Every structure is written in C-alpha cells, then in structure tokens.
Amino acid sequence: MPNFDTGHYFLTALVPIRDGMTTDAGGVEVTFIQNLRATLAVLPTALQSPATEMIGINSPFARDRSTHFARLVVLDDVIFNGREKSDPILGRIEGKDPITPEPLDELNCAYLVFTADFDAVLAEGDPLPKTLDLPAQNRARDAWANRIWEKMQEELTDVFSNCEGFDEVSDGDDFARYLKRHQVETTMPFNDYWLTMPKFSDLPLLPILGAVAVPLVLALVALATLLLGGDELPWLGWSAAGSVWVGGILTVILAIAAVRWINTNGQKPLPPGQYADLPGVLKSLYLQKTFTTFAIDQQGASYEELHDAFGAFLDEHKPLDASGPTQAPGVISIGRPGGIVAGEG
Amino acid sequence: MTRTLPLHDIQGNVVRAYGRYHYPFARYFFLHIEDAAAGRRFVNLVRDRVTSGATWTGDKLAVTFNIGFTFLGLYALSLPTRTLQGMPEEFIDGMKSRAHILGDRDPTKRASETTDWDAKWDPVWRDNRDGDGKNNVHIWISMNALAKPFTDQPDDALDAQTRWLVEQCDMLDQKVRILSTNGPGGTDLYQSANAVFETLPDGRKIPTRKEHFGFTDGIGDPAFEGQYPPEQMTSKVIGRGKLMSAEEGWQPIATGEFVLGHPDESQELTPSSTPANFMANGSFMVYRKLHENLGSFTAVIEEEAERFARVMDVPLDEARETLMAKIVGRWSDGVPLSTHPTFAEWQEFRATLADDDPLVAAEKRNAYLTSPAARDFRYADDMRGFKCPGGAHLRRVNTRDYLDPLNDLDSQNPDATTQLNKRRRILRRGLPYGPTELGVGDDTTEQGVIFMVICASIFRQFEFVQQQWIQYGLDFNLGNNTCPLLGDHTHHTRHSIPSDPKSGRPPYVIDKLKTFVETRGGDYFFIPSLTALRMIGMGVVDPT
C-alpha cells in the first residue's frame, strides 16, 4: 500500500494525451502534446527563485494547505533499450538471426504524468492518520481531488483538456473519479519530516530463517537416509520417504509464507512525523527563522530581560497556532515578498 | 612497483606551491592572441623556459615561468574543433558566466537586475569576454621569484624575465600582446603579488605565511600520489592525503584528481578532451583575484569581540583572538583549534615555539607549520563543533571525515574516513597581493590574495566547494549560512560558535558578518603538459 505512508498520500497518475490536433490560444493548429507542453510551460511553479518572484504569480497548488509537492510532466515514450542480450555461440546453435531487428516496444500514446504528495486528510489541517485502510485512503485521495478542483479548476481544465476522456469531467467528484481511473500504484514514496528516527518494524530474521530451515534439514536428512539405503530416520524412527515428502512440502509452504510475511511487514506504513502536515511544516519553517533571530538577539541578556522578551516572542509568533503567523505556501522564505501569512487570530 | 609520475612533463605550478618554496614574489601576465600563427610561434618561443615539476637538485631557479590558456585562448590558437568541443563545459563557459554559481553575482537577484555585478573588477577582467573580444584573456603567464636575501625586494631576474617576455611580443609585432590593464586603475602591465614580510629588530626582513587579515595560510594543501619521493611521502601525507581507515591511516590522493590522464579517486580517468596525449599530464586552473576588505573585517571583529568579551566574561584581546580562530578554524599563527581548542591551551603551546632570537623563532614556527602536527586532526570526534565550529572556514573547504555518513553527534566514530571529501580536494596556489607589511589599509586599498586552484575538474572540485561548502551550509546543517571568511554576507550574516555545556558558557552567534572577501576578476585556465605545449607550438594537435 505505498500510496499511503507517513500520514501522506502519494499519488501517481498516468493520463493518456489525446491523439490528433487542436487549436492553441494563438489560433495555430497544433497537436494536443504541443498544446499541453505550452500550457505546462506557463503554469506558474512557485515563488522560489528571483525569476519566479518577478512573475509574482504563485503555483495554483499553493492555494491548498495540504499539498506538499505536485509535478506534471509529459512522457513521450519509453525508449527501447536495445536487443536482448545473448551469447553469440549459443545464439548460433539456437539458430537466432542476428541481422533481423527484434520488435520495437513502444507506448501506445504519450502520457501526462501527474504526481503529488499531500496530507492524507479529509480537510486541510486535520491531524495526519497513522494508519488508513484502503477505502479511507481512497476517501482522502478523493477529498484532495475535490479540494484542488475547487481551488484551481481553471488551471486543471487547461491542462487535462489535452488528455483522453476529460470531456466527461464537470465537477470535483468527476475529477476524483478521473484521477482514480488513471492512477497507478506509487512504489517508492518518500518524505523526511521526522524530528527523531521513527520506529521501524524490524524483521525477526533468525526466527524466520529457522522456521524454514527446520523442515528443510529434516527433508535433506531423510533424502540422504533413503539414498544410503535406510528407510527410517535415525533416532526419530520416522519413515524416511514420508519425511522427505512432509519436510519438502512444509519447506515450500513456510518459505512462501515467510516471503509474504516479509513483504507485508515491509508494506506497513511508517508513522507520520510530528508536525509533518503542511501547516505544521510551514509553521516550523516560520518558527525556525524567527526563533533563531530571537535567540541571537538575546545574547548576553539578563534572566529578567530574557523572560520578558520570550513572553513577547510567544505573543507575537504564537508557536502553537499553525494557522498563523506562518510561512506562506509556495514561497521560498519568510524573508521574501509575501512570505508571511498573518493568520486568523 | 608504483609507477613514477613523469614530473618533467607536468608544469611546476601543478606540483608545487612556489610560495612555500621561498618564492615570495610573483607576477601574473595576461596576454591576447591576435593571430593563430603568431600564437603558435609565441608558444614555441617561450616553452623552453617553462618550469617543470621535476624534483629540484642543486640551486633553485631565481625565477620560474609557467603558462596556461583560457578556452578562448585555445580557440584563438586554432585548435581542432573536436579538441575544443571535448573540453569541460565550465572551462568553455569561463568564470564570468559562472558568477551566479560561484556567488560572485547575487543569486537572489535576476541577471537583469545585476548587470553591473562586475563593476569592481579590474579592467583587464571586466574587458575579458566583453564587447568585440579584442581584449579577451587568452594566456596566463606566471613568474615567481626569490627575494634578495633579507629584503622585501625580488631578485633582479624577475625584471629581466619580464623584459624578455615584452621582447618576445615585440618580435611578433604585438600579434600576441600583453594586456596592460591590470590593477584597479587598469594601468599595470601585470598583476603583482608578494608575501607579507616580518621585519626583524635589526631591520632585516623575512617572508611570512600571513595574508592581510593576519591569518596563516597554505598549511593543509593536498598531497597526491607521485608528488613526492616515497621517503618524503610518509610524513607529507599526514593530514594532507585521504584517511581510508583507522588501520591504513593517511594515504596519498590519487594523481588523477589533480593531473589529467591518470586514474582518479573513482578509479577512472577524469573525462577530458582528445587527443589523450594532449590532455595527459595537464590540469585545469582557477585564477581569482580575491580582494580583502580589511576595514570591514577589523570593524566587525572589534564590534563582535566587545559583545563576546561581555557575554563570555573574557578579556578583549582573548575575545578578539578567539573569534578570529573560530571563524577560520586555526589560531592566527596557524595552530589548529582541533588540537588546541582553548585560548589557554594555545598560549601554552605558543610559548614552546618562542625564542629570544626572532629568526630562530620564525624557523621554529615554520618547522611546526610544515610538520604533521599542524595537520593531523579529524572532525568526526568533534561533531558538535565544540573545538572547531562546524561552519568554520577550515572545516568547510576541507571537510576531512566530517561528512562520514556513520558519524554520530555523540560518538567519536574512530572508523570515520574522508571518502566523501577525497573527490572535492583542490590544490591551492598563489600569494597575497598588496603591501609587504601587515595591518595597513581599509576596504578601498589594494590588498588580498591571488587565489589559484589546480584540479582535474573545475566543476566537480572547485565549483562544488565554492558553491556548496563556501556559499551554502546545508551539508553542515547550517542552512543558508555561508563561510564566515570567504562567503558572501550580503544576505546571510551569521556564524555559530558552539560551546560545550560542561564549560558553563553559552554558545555564541556572530550575526554582523560583512562580505570580507570579494572577487576582482579571474578566469579558468588549462595548464598543458610540456608535451602539449610542444604540440601547440608545432601545430600538431590531432584528435583523429
């Protein structure tokens, strides 16, 4: 279930781009791929460099307070990586033809890859869940799809109207179903917001190996006994032939069970980090900067001065109020234009 | 058997830092090639003078001679397109185009907002790669000279060789000409450099290792395989090589990190152009004229020292010396913080180097600075930076075992290695420029360091260190903080000095840093082997 990990949802969607032609904003006939690329090229990223600050338009994804990252990229094709490796002498014996090329494998069309990392919550600012069963995961995904539809319908339409089947999307629920249809499993989610190392579900490797090894050894000893002409196991007195069968079958069953168990264990989601939801991350960045400045300014202060100053700091920066004052989403630093959100209180 | 490195084919400035071999004077000339044929003739005329890296026997040369070329220089010499296009992209770009990477141009502003970012550069560098290209820098020539004994004057051979160089250009009808626009006024034939001298009570003068802020420079330069005879290598390598494991100790760094055509630390040849025999035994060099804002530096140290003395309850002179040491990572006389972390320990050790005869004292100091004792330390045993702060200059430019992934804040990790540092080493060359005495001048006067770096890949080695470790602090968990000494402090003005809680003293943060070091020009050069110089001169560079 790696779509869900650390309290976050990691969405990957592969949406086929429409074949054929359309007319772009300038009235020129272009392919849907050309049009999509041009649309993505002017989609604001975030206020993260001097050049994007000059444009002054933040990423539409920054309107949502649960989206950590989003990426849209056109995948034209997957490049054929050469013929299958074969030994020239064996190939000759097998009658392989080295002249005729092997068939080329291609994608059936170009795809829009859409990946996003967002808080797996039903509403912005909800606490991150530790575990989430599949239906609840789907609800978190659909809630997010509805939220971004509400906040950036225009931009999403500009982008996805170049893709297959988007004509049927007319509201947030449609968009959620659309994403679900094109979703593929995320196989390597990643984030790193832990303040201290999380508790990993460690693998009891020795007991697992032991559980598989015991019936295996029994089967092997029984087999050796048979080969040496015996028909009963020494000491135990069990039938050698029977032991080969029972031991062998047990080994296979336990080995399969062990692999499954290891995989299931590996798929257990890791716990969310403390303050790892987007409002928490933004507030942390804000406090990191303001508190550092505070600490430096108080160097050499008396206890009384420090006490008063810290009281003023708490009043001004409200460390426990993630709604604000805090760092604005999609802005590189609170020191840059528009970097601070005042908050509700 | 270890292969012998062909030092006779490698230019001398690659193998040795002349300053440390008692050459306290240098002149750097920059030349422009009008015509490829004249350029090749010029190379032929001068190449017999080139000082190689061969081990010296007998008397030292009175004056050395070395030569390098910018990419545009190689282009002006009509090298084949295939040779030119195989050159590394940063070398093709040149240093000006890399200003945003190096921090020479403010990275928080758009290029269009900072069109005059090089306004303070010397005219020779402002005109380089500018306008019609008539004043592009093509050739770098360096001459290092001995001092007339016990004076701050260079040997006469320096003037003689300068005249000889001018004559060569005259002979070629100025089709190869010296760009005489050096210095802030743009009137100098060459960029001059010289050591800072100490005047003895009897008036005699001896060169020191000081630069104009008063720090001692050039102690931990890397040592690479083949650089020294094996019998010298065992001690030279300590603190200057790579630390592979606790058992193996210090080993020389692979030759290929600094000389092309030899295996490097990834056990490959550093990618370079063709033909192979043109690139082999050559190297790349970064030339930067680094101005030192002496007034700002003194003012900031004074202001911070006053607060530091108050917060830490120490005398003002101790505060001043401690702050300077915590900025650099060595006390002003070169003793490392890592071996002598406190002022008291330093003073105690300093007393052992003292002598009534100032000449003997200078010799003792020098013997110490060239000994392994001045270089043999690690950072994995000081992860919290109680001895040497994590952001100190020394700890940034040569991270030693600081970045070993198994280091832990609370363990000493005796098995830490320099694996994540050995591909980021640079050979430091050059001398200070400005007055021959210490402590005069302000932000506007001419003083600083002619900073030259030799490495096989300017991108992987110099630019990485400059961008990631000097102008940024993430690898050291220091966010955007830049190097307190060399960094750009337009926006980030902090340097943290951790303190062991056991001492009962709080940590201290300097927060009023100004930009102390500013670039005044420079470029990237290829330093060909003597074989490659012959090939250029003969016009036989053939990449097919």
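## Elements and the predicted model

Helices here are DSSP runs of H or I with at least four residues, strands are E runs of at least two, and both are numbered from the N terminus.

## Chain A as a whole

Chain A has 9 helices and 9 strands. Its radius of gyration is 30 Å, while the globule rule gives 20 Å for 345 residues, so chain A is more spread out than a compact globule. If you box up the C-alpha atoms of chain A along the principal axes, you get roughly 90 × 70 × 40 Å.

As for burial, 25% of the 345 residues of chain A count as buried. Take the contacts in chain A with a separation of 6 or more: 67% of them come from residues 24 or more positions apart.

## Where chain A touches chain B

The contact takes 6 residues from chain A and 9 residues from chain B. On the chain A side, helix H2 (residues 50-55) gives the most, with 3 residues. Sorted by class, that side of chain A has 4 nonpolar and 2 polar residues, and no charged ones.

Now for some helix packing. Helix H6 (residues 205-227) and helix H7 (residues 240-267) of chain A pack with their axes 8 Å apart, at an angle of about 155°. Angles over 145 degrees count as roughly antiparallel, and H6(A) and H7(A) are therefore roughly antiparallel to each other. The crossing of H6(A) past H7(A) is left-handed.

On the H6(A) side, the residues that meet H7(A) include A:Ile208, A:Val212, A:Leu216, A:Ala219, A:Leu223 and A:Leu226. Among their counterparts in H7(A) are A:Ala240, A:Val244, A:Gly247, A:Gly248, A:Leu254 and A:Ala258. By class, the contact of H6(A) with H7(A) comes to 17 nonpolar and 5 polar residues, with no charged ones.

## A buried methionine in chain B

B:Met143 sits in strand S3 (residues 139-145) of chain B. The burial cut-off is 20 or more other C-beta atoms within 10 Å, and B:Met143 counts as buried because it has 25 C-beta neighbours inside 10 Å.

Setting aside neighbours within four places in sequence, B:Met143 is in contact with B:Ala26, B:Arg27, B:Val63, B:Thr64, B:Phe65, B:Leu158 and B:Gln161. B:Tyr18 is 125 residues away from B:Met143 along the chain, yet their C-alpha atoms are separated by 9.8 Å.

A:Pro325 lies in the loop between helix H9 (303-317) and strand S8 (326-327).

Phi of B:Ser78 is near 60°, and B:Ser78 lies in the loop between helix H3 (71-76) and helix H4 (81-85) of chain B. B:Ser78 has 17 other C-beta atoms within 10 Å, so it is partly exposed. Back to B:Asn413: its phi is near 35°, and with 16 other C-beta atoms within 10 Å, B:Asn413 is partly exposed as well.

Technical notes:
Residues are numbered from 1 along each chain as its sequence is written. Chains are lettered from A and ligands numbered from 1 in the order in which they are written. This is a predicted model: local features need pLDDT of at least 70, side-chain atom pairs count only at pLDDT 80 or more; totals for chains, interfaces and linings use all residues. The radius of gyration is taken over C-alpha atoms; the globule rule is 2.2 Å times the number of residues to the power 0.38. A residue is buried if 20 or more other C-beta atoms lie within 10 Å of its own, exposed if 12 or fewer, and partly exposed in between; C-beta atoms are placed from the backbone. Two residues are in contact if their C-beta atoms, placed from the backbone, lie within 7 Å. Ala, Val, Leu, Ile, Met, Phe, Trp, Tyr, Cys and Pro count as nonpolar, Asp, Glu, Lys and Arg as charged, and the others, Gly among them, as polar. Axes are lines fitted to C-alpha atoms, for helices over the stretch in contact, and angles run from 0 to 180 degrees between N-to-C directions. Angles under 35 degrees count as roughly parallel, over 145 as roughly antiparallel, 65 to 115 as roughly perpendicular and the rest as oblique. A crossing is left-handed if the near helix is turned anticlockwise from the far one by less than a right angle, and right-handed if clockwise.
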